[in-house]
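Subject: Structure handover

Hello,

Please find the structure below. My notes on what was found in it follow.

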Protein chains: 2
Amino acid sequence: MSDKPTTIKEIAKLLNISVSTVSRALNDHSSIGLITKMRVKKLAQELNYEPNQRAIQFLQGKSHTIGVILPELSESFFSAAITGIEDIAYKRNYTVLLAQSHDDADREKLLVEKMKTQRVDGLLISVAKTTSTYEHFEALKKLNIPIVFFDRIPPIKNIHFVASNLETGTFEAVNFLLKKGHRTIGMINGPATLIACAERKNGYVRAMTSQRLKFDPSLVMSCDLSESGTIEAMETLLNHKRKPTAIVTFNDYVALFAMRYARNLGLKINEDLDFVSYANLPIINYMDHTPIASVEQFPYKQGKKAANILLDLLNKPKSESGAEQAYFNIVVESELIIGADK
Amino acid sequence: MSDKPTTIKEIAKLLNISVSTVSRALNDHSSIGLITKMRVKKLAQELNYEPNQRAIQFLQGKSHTIGVILPELSESFFSAAITGIEDIAYKRNYTVLLAQSHDDADREKLLVEKMKTQRVDGLLISVAKTTSTYEHFEALKKLNIPIVFFDRIPPIKNIHFVASNLETGTFEAVNFLLKKGHRTIGMINGPATLIACAERKNGYVRAMTSQRLKFDPSLVMSCDLSESGTIEAMETLLNHKRKPTAIVTFNDYVALFAMRYARNLGLKINEDLDFVSYANLPIINYMDHTPIASVEQFPYKQGKKAANILLDLLNKPKSESGAEQAYFNIVVESELIIGADK
DNA sequence: GTTTATTGCGCAAACGGTTGTGTTTAATTT
DNA sequence: AAATTAAACACAACCGTTTGCGCAATAAAC
């Protein structure tokens, strides 16, 4: 039938009234008579009129769209996060422009530029692992396009961000093991360069010392997160003079490698050796051998939180020119989930 | 510094020339003198001018944006698919508007409406499980907004779609088992309502008959895909007078349930009983007991394919009014991957 | 019966670009 | 020197919608 969408002009012409009247009638403006309103609305209905959002966005200088740049959607952490983001955006009548950096700093930079020329109202981003310069973010700031950083936070000042604190969850995890009677607890941590590793270690130390136990650094192994790296760490730990009876692993992948290795040695998982991990894999619940507990980072919740902050920023009354801007630095506490295995 | 983005008008005013000259200068139009071009470009650079895409989109009636509606990003099939879609869109300079239906038909309908008012140039969609009416798609068609359906195809005529054919992969899977010496092969299929189930069954039947083996319908179980349903199916199969030596499961979840059940009975996985499944879970590679082979559906590839088709449709010369429109019905053959376990 | 509100609607500008059609100036041709 | 032409730029319309302002008609007030 119709080729192009109906416009307000056509309605005006058909009714022999002006476009402004049609516009106001459709928006229930008080200065339009009831009869006219009715006529306009009836015709609009018949013609399947829908306002051209692009035109409105252009006119108002607002796109009602937020950009989201994530490293990799196939990582379940991020796909859970985008779901949270999208749910909030949908609820608050915003639209989501999605892009993935694939952990490539250059591509990320291009994507940020693109978001700028697309005139998104705000940006939500988890930066690529390789990103080391941050001027492209400054450009957005100058245009008053707010950015909320998310999970992977760049080391720059005066930014909004939402991140999880793994220290708390780790503390709970180690504490849980201690309460269960363990006294020698190993940890397979990640490469020292990651901030997240320090958080894990801090939680470990705090839990141990809070129980007046001495912290033994040789029980915390660093690991490149590969299977061979995990096995090495396991070998060291299991040959330790104080052989651990429980192990906290950096993530579910490491946990799987470690458990497999332990099983091959004839150890019974969660009998001879207890495992606690960090939740990245939804599938872990379906598996045969799972950690007895898991530190949950709530990516869905974090996504929702970040999106809400961004949308709040977009809708807050204009910051008075003199006033200091407040920055949202939200830390979502991680939490120990016991018996994640169904 | 600057509050609003630089516009072409400001440049014009600063240089005392008209906006049209600025526009043409920036676009290297032939009718603009070299000196003027240089002056304009230099100033544009200094002011960080970037054309307002929203304005251009509005003017040209094209948004250079495609809408993507998927049921659930946390399903790895879809997160892989969106990655393929996004990669192609990025490469071809399109932008992706993302939304999830959460398998809710009503929400999906609203999302389709929203895509329409947002004036996306085209739509890519995998319909919700509960979707049973299809008028909302017709509305887009009337506006010449092409739709490419993807993976979950609605039963309507004259549409473009990309889907995988599980018949092929299943044929290969069963054939593989037959070549391995198996003669009694069980299948735990899904609910009969799904088209995908028929494809699986057909592949199974074709493989058996192609080897001149009789097809025994009682070896193909229907199942609701839950753990208890899987167990029931396993009980029936293992108590069958012709006890299967290999089992093809509907998906990786069912495989996990089935393997767990078998192990609890003391059966050795892939020794006493071989398993073949369909790849949905990337994580399966990390696990201890995995199927010996897996039917891959290439969601990433499917996503790329679907996106390419949609963008081709958008960029093809206008269909002559008289000409019959051709519909893309692309079937991506599934494929058996042997030894998926690392 | 004139003035004053009130109601109902139209006019036109604006958002930021693109593009077809003048218009001016200078160079070239004859 | 007059006529033609090409080069370089300006003018203005346009995309669809909103919105401030003005204007007419009717009703109310005195």
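A salt bridge is a side-chain nitrogen of Lys or Arg within 4 Å of a carboxyl oxygen of Asp or Glu. Side chains of opposite charge can pair when their charged atoms come close.

Before the details, some conventions. This is a predicted model, in which local features need pLDDT of at least 70 and side-chain atom pairs count only at pLDDT 80 or more, while totals for chains, interfaces and linings use all residues. Residues are numbered from 1 along each chain as its sequence is written, chains are lettered from A and ligands numbered from 1 in the order in which they are written, and side-chain values use heavy atoms, with hydrogens and water left out.

Salt bridges

By this rule there are 26 salt bridges over all chains. One of them pairs A:Asp312 with A:Arg92, with the closest N and O atoms 2.9 Å apart. A:Asp312 is in helix H12 (residues 299-315) of chain A and A:Arg92 in the loop between helix H5 (76-91) and strand E2 (95-100), so this pair ties together parts that are 220 residues apart in sequence. Helices (H or I, at least four residues) and strands (E, at least two) are DSSP runs, numbered from the N terminus.

For accessibility, buried means under 20% relative accessible area, exposed over 50%, and partly exposed in between (1.4 Å probe, protein chains only). A:Asp312 is partly exposed at 38%, and A:Arg92 is partly exposed at 28%.

Another salt bridge joins A:Arg260 and A:Glu227 (3.3 Å, N to O). Here A:Arg260 belongs to helix H11 (residues 252-264) and A:Glu227 to helix H10 (residues 227-238) of chain A, so the parts tied together are 33 residues apart in sequence. A:Arg260 is buried, at 12% relative accessibility.

The interface

How many residues of chain B are in contact with chain A? Contact means heavy atoms within 4.5 Å, and 59 residues of chain B touch 59 residues of chain A. The area buried between the two chains is about 5700 Å², with 49% of that from carbon and sulfur atoms; buried area is the accessible area (1.4 Å probe) that two parts lose on being put together, summed over both.

Six salt bridges cross between chain B and chain A. Among the salt bridges is that of A:Glu50 and B:Lys116, at 3.2 Å, N to O. A:Glu50 is in the loop between helix H3 (34-46) and helix H4 (53-60) of chain A, and B:Lys116 is in helix H6 of chain B, so the pair joins two chains. A:Glu50 is buried at 17%, and B:Lys116 is buried at 9%.

A:Gln118 sits in the loop between helix H6 (105-117) and strand E3 (122-125) of chain A. Its side chain makes a polar contact of 3.1 Å with that of B:Gln57. A polar contact is a pair of N or O atoms within 3.5 Å; within protein, one must be able to donate a hydrogen and the other to accept it, and residues adjacent in sequence count only if both atoms are side-chain atoms. A:Gln118 is buried, at 6%.

Cysteines

The structure holds zero disulfides over all chains, a disulfide being a pair of cysteine sulfur atoms within 2.5 Å. A:Cys223 is buried, at 6% relative accessibility.

Regards
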